[in-house]
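Colleague: I have just opened this model and would like to go through it with you, piece by piece. Could you keep the terms clear for me as we go?

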Amino acid sequence: MTDELATIVAGLSAPQKIISPKYFYDETGSQLFDEITALPEYYLTDTELDIMKQHIDEMADLIGIEASLIEFGAGSSMKTRLLLEHLHSPAVYVPVDISEEHLLASQQRTKKDFPDIEVLLVVADFTHEFDLPDPATTPRRNIVYFPGSTIGNFEHDEAIDLLRVMYHEAGSDGALLIGVDLQKDPAVIDAAYNDSAGVTARFNLNMLDHLNREFGADFDVDAFRHRAAYRPDEGRVVLELVSAREQVVSIGGRQIPFARDETIITEYSHKYTLEGFAAMAEVAGFRVDRAWVDPAQWFSVQYCVRDR
Ligand code: TRP
């Protein structure tokens, strides 16, 4: 058994079954994810973009001239384009992603629309420190960009570790611009992760198809249901796959029993208060200098500077 398969089997053998969200993203999964961000109930993408549009000049002024924009993730979103359009003579744009394929696609689009901005790709797992490339223009400072409230998909301690990596990559005098989803009426959050078109359900269930194909599992995908519920006491959405009946699944030569209604946790999506996020950022060495929110206070974009 490979280490990777052993990790999956261990997760499925725990009292609360769990599989890493990285198995969402095969080709179908990546496509479904793009569809999620365009769903009417999925308020995150539009709200974040609206905040950016509203405050882009102030953001550009805070960031200043000839900055290096280091995006954690392949980039190419509307939000990134908005930033690149408004930044004052950015020195370089550096998208960082584990997938070279996604990076190359993002680079092509960026080069076409911003022919004057140097784009340097970094193929790396951004949860660990990585080396920054050497741009033609020496940047005055580094700005780490992390949109989409992807920080919320990490558990508390991992989120702090990731913020520490960002602190490191920002360097002295650097800053972090980050999208952070906020706690709100649970009905609004539940609707976002249980869209009426069933896209999020397909996205969640696709993980089982992926495991069948890549790891020779024999999940009966029709015997599992999507569940996503916001738990206000935990401040997070828990995404789960619920076994519709008692069944046994085989993977890596192991037989994994499921009781009826037993679940596999596939992802968390944490929602923060402004104070809660500031406290987490502070542990990693950041001070929140500016937090912009939409009128309903559903989402925030936060500018964090290094505090030590
Ligand atoms: N970070 C976003 C969120 O938590 C996007 C996202 C990641 C997502 N994984 C997801 C959305 C799974 C829906 C389902 O909302």
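**A loop serine, the ligand and the cores**

Modeller: Let us begin with S149, which sits in the loop between β5 and α6 (156-170), where helices (H or I, at least four residues) and strands (E, at least two) are DSSP runs numbered from the N terminus. This is a predicted model, in which local features need pLDDT of at least 70 and side-chain atom pairs count only at pLDDT 80 or more, while totals for chains, interfaces and linings use all residues. Residues are numbered from 1 along each chain as its sequence is written, and side-chain values use heavy atoms, with hydrogens and water left out.

Colleague: Is S149 buried or exposed?

Modeller: S149 counts as buried, because its relative accessibility is 4%, and buried means under 20% relative accessible area, exposed over 50% and partly exposed in between (1.4 Å probe, protein chains only).

Colleague: What does the side chain of S149 reach?

Modeller: The side chain of S149 reaches the backbone nitrogen of D181 at 2.9 Å. That is a polar contact, meaning a pair of N or O atoms within 3.5 Å, where within protein one must be able to donate a hydrogen and the other to accept it, and residues adjacent in sequence count only if both atoms are side-chain atoms. S149 also touches several residues beyond four places away in sequence, including L44, H270 and F299, with contact meaning heavy atoms within 4.5 Å. Its phi is near 55°, a positive value in a residue other than glycine.

Colleague: Changing topic, which residues are closest to the ligand?

Modeller: The ligand is surrounded by 14 residues, and the closest are Y42, N153, Y193, E267 and S269; a residue is near a molecule if one of its heavy atoms lies within 4 Å of it. An oxygen atom of the ligand is 2.3 Å from an N or O atom in the side chain of Y193, and a polar side-chain atom of E267 lies 2.4 Å from a nitrogen atom of the ligand.

Colleague: And how much of the ligand does the protein bury?

Modeller: Taken alone the ligand exposes 350 Å², and the protein buries 97% of that, with areas from the Shrake-Rupley method and a 1.4 Å probe.

Colleague: What about S269, where is its place?

Modeller: S269 is in strand β11, and it counts as buried because its relative accessibility is 5%. An N or O atom in the side chain of S269 is 2.6 Å from an oxygen atom of the ligand, and the S269 side chain also makes a polar contact with the side chain of K271 (3.0 Å).

Colleague: Now the inside of the protein: how many residues does the largest nonpolar core have?

Modeller: The largest nonpolar core has 65 residues, and those with the most contacts inside it are L177, F219 and F224. Such a core is a set of buried Ala, Val, Leu, Ile, Met, Phe, Trp, Tyr and Cys residues joined through side-chain atoms within 4.5 Å. Helix α3 (residues 43-63) gives the largest share of this core, 9 residues. A second, separate core of 33 residues includes L120, A159, L176 and V180.

Colleague: Last one, where does F126 lie?

Modeller: F126 lies in the loop between β4 (122-123) and β5 (141-146), and F126 is buried, with a relative accessible area of 14%. Among the residues that F126 touches, beyond four places away in sequence, are F72, F146 and F154.
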